[in-house]
Amino acid sequence: MSVAAGSAAASFTSAALSNSVYIRNLSPLASEEHIRTTFGDCDDIVTVTFKLFPGSTTQRYCQVDFKTAGGVTKASALNNEPLLGVPMSITVI
């Protein structure tokens, strides 16, 4: 990989990570479609990824990557809003 290609990849990774929110306290029934419907008005969603908490086989969280930082700001305003009857905990790292 060339230096330029490596720099471009690093820039893309940094940009994607800086436009992410993490959603905890999800209903086990929450799907990508639910997440996209709930957060779709915040900004263009690049990816939705569900991950298990370390050491857990059932508890999970979701990472939502937005196109711009504006999506992060708008999504953060949904903290404690219910999704399928469960209040979401939304954080930014």
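Looked up Glu-32 first: its relative accessible area is 36%, so I put it down as partly exposed. I'm working from a predicted model here.

Next I checked what Glu-32 pairs with. Its side chain meets that of Arg-36 in a salt bridge, 2.8 Å from N to O. Both residues belong to helix H2, and they sit four residues apart, about one turn of the helix. Arg-36 comes out at 32% relative accessibility, so I noted that one as partly exposed too. How many salt bridges does the count come to? My tally gives one salt bridge.

Then I went for the largest nonpolar core. I find 17 residues in it, and those touching the most other members are Ile-23, Ile-35, Phe-39, Val-64 and Phe-66. I also wanted to know where the members come from: strands E1 (20-24), E2 (45-52) and E3 (60-66), plus helices H2 (32-39) and H3 (69-76), each supply at least two residues. Which element gives the most to this core? I get E3, with three residues.

I followed up on Ile-23. Skipping its neighbours within four places in sequence, I list its contacts as Ile-35, Phe-39, Tyr-61, Cys-62, Val-64, Met-88, Ser-89 and Ile-90.

Is Cys-62 buried or exposed? I have Cys-62 at 0% relative accessibility, so it counts as buried. Cys-42 is at 9%, and since buried means under 20%, Cys-42 goes in as buried as well. I looked for disulfides and my count is zero. The test I used asks for a pair of cysteine sulfur atoms within 2.5 Å.

Terms used:
Residues are numbered from 1 along each chain as its sequence is written. This is a predicted model: local features need pLDDT of at least 70, side-chain atom pairs count only at pLDDT 80 or more; totals for chains, interfaces and linings use all residues. Side-chain values use heavy atoms; hydrogens and water are left out. Buried means under 20% relative accessible area, exposed over 50%, partly exposed in between (1.4 Å probe, protein chains only). A nonpolar core is a set of buried Ala, Val, Leu, Ile, Met, Phe, Trp, Tyr and Cys residues joined through side-chain atoms within 4.5 Å. Contact means heavy atoms within 4.5 Å. A salt bridge is a side-chain nitrogen of Lys or Arg within 4 Å of a carboxyl oxygen of Asp or Glu.
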